[in-house]
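Colleague: Could you walk me through some helix packing and the cavities here?

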Amino acid sequence: MGANTSQVRDLSENPGLRTLVGTESVSQNEPFWNQLISFTFISPANSGDSKILEEAVIPLAKTLIENNPRTGNFGTLIKVFLSRTKELKISTECQDQLFIWQAHNALFMIRCLLKVFIREMSEEELHQQFSYQERATNSTGEGGVEDLLEELMSNLVHLIVEVPLLDITYSILFEAVTTLLVLFSYQLFQKDILRDGIIYQHIMKGRCLSLTSRLVKTLLYNFIRQEKCPPPATHIFQPHGEEGGMLYGLVSGVASGIWSVFTLGGSGAKGVDQEPNPLPLSNQSLLLLLVLANLTDGPDWPNPYRQAVTCFRNTQDTSSLLADQPHSFQINFNSLYTALCEQQRSDQATLLLYTLLHQNANMRTYMLSRTDMDNLVMPILEILYHVEERNSHHVYMALIILLILTEDDAFNRSVHEVVLKNISWYTERTLTEISLGSLLILVVIRTIQFNMTRTRDKYLHTNCLAALANMSAQFRCLHQYAAQRIISLFALLSKKHNKVLEQATQSLRGRTGDNNALPDYAQDLSVIEEVIRMMLEIINSCLANSLHLNPNLVYALLYKRELFEQFRTHPSFQDIMQNLDTVIGFFSTRLEQAGSDLSVERVQEVIMKGAQALPKERLKKFPELKFKYVEEDQPEDFFIPYVWSLVFSSAVGLYWSPQGVELFSMDSG
């Protein structure tokens, strides 16, 4: 292998690789294999470098596909790797870097070949590529294996859960996680959701099943630890002293005939499309966890990885694990919570947070009990504030997280007790001091307004309004900007309502000549009126439950009272307008009695005193506004394409050509 990208493109001329993919069968006991996997290498760290490497591997892999049925060399390479994994844990304890290094290199080669195989053939044909080794070795009298693909997958899982994460094992653990991701990548090239298959059966029901909880726990801890990739010097052998150590001499002697130092993606060339991810193992582990947790249930068995994600508990939970919760385990909730707070910049971390909040009752209870919920909520609000820079799925997940949180009354109260200062990312206005609750209202309403003017996604603004409705009875001491934003949203809705109404009226009179548009106008009007009613209910809920704590909302209501006039006699709003009429009438009278040309401070004083004097029984009670998030039927139709779009765009060191990807469109999200 070469020391730069131009030499990487010449891999097809490498003598060792030409032997591997050639027409001659190489026995597992040949010294060739030891030479083949003795190269010094830094994995590609971005998709640009990965693309260069893949383009070099493709012709080699295609040649191997043609010759492997006769040689079985691919299966022998698998066996060479498996023979080294059996002693990997002991090698780690003994700091046997040579052994780990060679195992890593073998696995890297396997992963590169598998990635091309999966693009070129069906699962059944891939399975045959593994079985050819058995036929070839049996013909020479050597022992075969029952199912080499399942043994590989089982060994990869064992490797991930048993080998400790150290500088010298970082690369091979990363390769193990990445190889499993590659094996599942058949889904990328299928339009329909895969609900069965050889690889699916192995991970769901085979030897891997008994390691389910340990695998999920390890992947979560990899995410929690956020370990950076160690510098090359810690896992590539360097001479010590003038003569160099025996280990270095052995390695360089073995490697010199076939490989040179391969620095692509490390200290060598970097792709122009993205910077290397500083946390490759953490990122890749999270992606694999999401892939596993979102596999579909079998016809008569549930997804064990989703079960594990659903029922794990806190290490501080001393109660005995319930027998009816298979694959349960314990993990440090505080560490997981901290990692979730710190990593919300990425889609995949937000998706994990959603998954845990929605599916794991233990984790949800723990999160809602935290006194530092601002550490979790603030990154979510920042995602929504920068809505125009985020993909629609990321925004959607952030909103669902808020909706789930607002189902809890204690959360709705506590957010108004957390005071924030100088929010750097909120640039529309200077917020020197504001409660977390008021900031949440500001950002959610801003998201609705953005949606109304740009994407017009009904589900998005419905979820925004549902979150506000859940909070409305607990609104406390709303910041003046939050109160103004509530009324400004109502003004925007009122304006859109009048515009559609005018267009419908003109169409009806024949002025536009487009009578076919009438059904569209009726539908638009119905949607807008539904949203207007929801806003009126939110305002009403706040006034009925905590008017005396929200003088800024009363002030904003009075300042824009003319907005509500047209809806007083509207049959869809008459009932909900009663309380608003009462409040507007009561405070208007108070202000008239206080005189003319009142200052802002004087108006606020009248409102504060009036709020204490208004009898509560004058406001009609309506049912409490409560909305609960429920996943749609067949959620996998949304989540599996979403997860794989994240793997496609975010997996470290993996490149897939957009051509041939069927699961999602390149412009989705």
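Modeller: Gladly, starting with a definition: angles under 35 degrees count as roughly parallel, over 145 as roughly antiparallel, 65 to 115 as roughly perpendicular and the rest as oblique. This is a predicted model, where local features need pLDDT of at least 70, side-chain atom pairs count only at pLDDT 80 or more, and totals for chains, interfaces and linings use all residues. Residues are numbered from 1 along each chain as its sequence is written, and side-chain values use heavy atoms, with hydrogens and water left out.

Colleague: How are α9 and α12 oriented to each other?

Modeller: Helices (H or I, at least four residues) are DSSP runs numbered from the N terminus. Axes are lines fitted to C-alpha atoms over the stretch in contact, and angles run from 0 to 180 degrees between N-to-C directions. Helix α9 (residues 148-162) packs on helix α12 (residues 212-225) at about 55°, with the axes 9 Å apart. The pair is therefore oblique.

Colleague: Which residues of α12 meet α9?

Modeller: Contact means heavy atoms within 4.5 Å. From α9 come V157, I160, V161 and E162, and their partners in α12 are R214, L215, T218 and L219.

Colleague: What is the orientation of α17 relative to α29?

Modeller: The axes of α17 (residues 347-359) and α29 (residues 636-650) come within 10 Å and cross at roughly 150°. That makes α17, relative to α29, roughly antiparallel.

Colleague: How many nonpolar residues does the contact of α17 with α29 have?

Modeller: D347, Q348, L351 and Y354 of α17 touch F639, Y642, V643, L646 and S650 of α29. For the classes, Ala, Val, Leu, Ile, Met, Phe, Trp, Tyr, Cys and Pro count as nonpolar, Asp, Glu, Lys and Arg as charged, and the others, Gly among them, as polar. Besides two polar and one charged, the nonpolar residues number six.

Colleague: How much space lies in the largest cavity?

Modeller: On a 1 Å grid over the protein atoms alone, a cavity is a set of points where a 1.4 Å probe fits but cannot get out, and lining residues have an atom within 4 Å of a point. Points are joined across faces, edges and corners, and a volume is the space filled by probe spheres set on them. The structure holds four cavities of 30 Å³ or more. The largest has about 210 Å³.

Colleague: Which helix gives the most to the lining of the largest cavity?

Modeller: There are 16 lining residues, and F184, Q187, L194, Y200 and L295 are the closest to the centre. Both α11 (198-205) and α29 supply at least two residues. With three residues, the helix that gives the most is α29.

Definitions and conventions. On a 1 Å grid over the protein atoms alone, a cavity is a set of points where a 1.4 Å probe fits but cannot get out, and a pocket is an open set with protein on both sides within 12 Å along at least five of seven lines; lining residues have an atom within 4 Å of a point.
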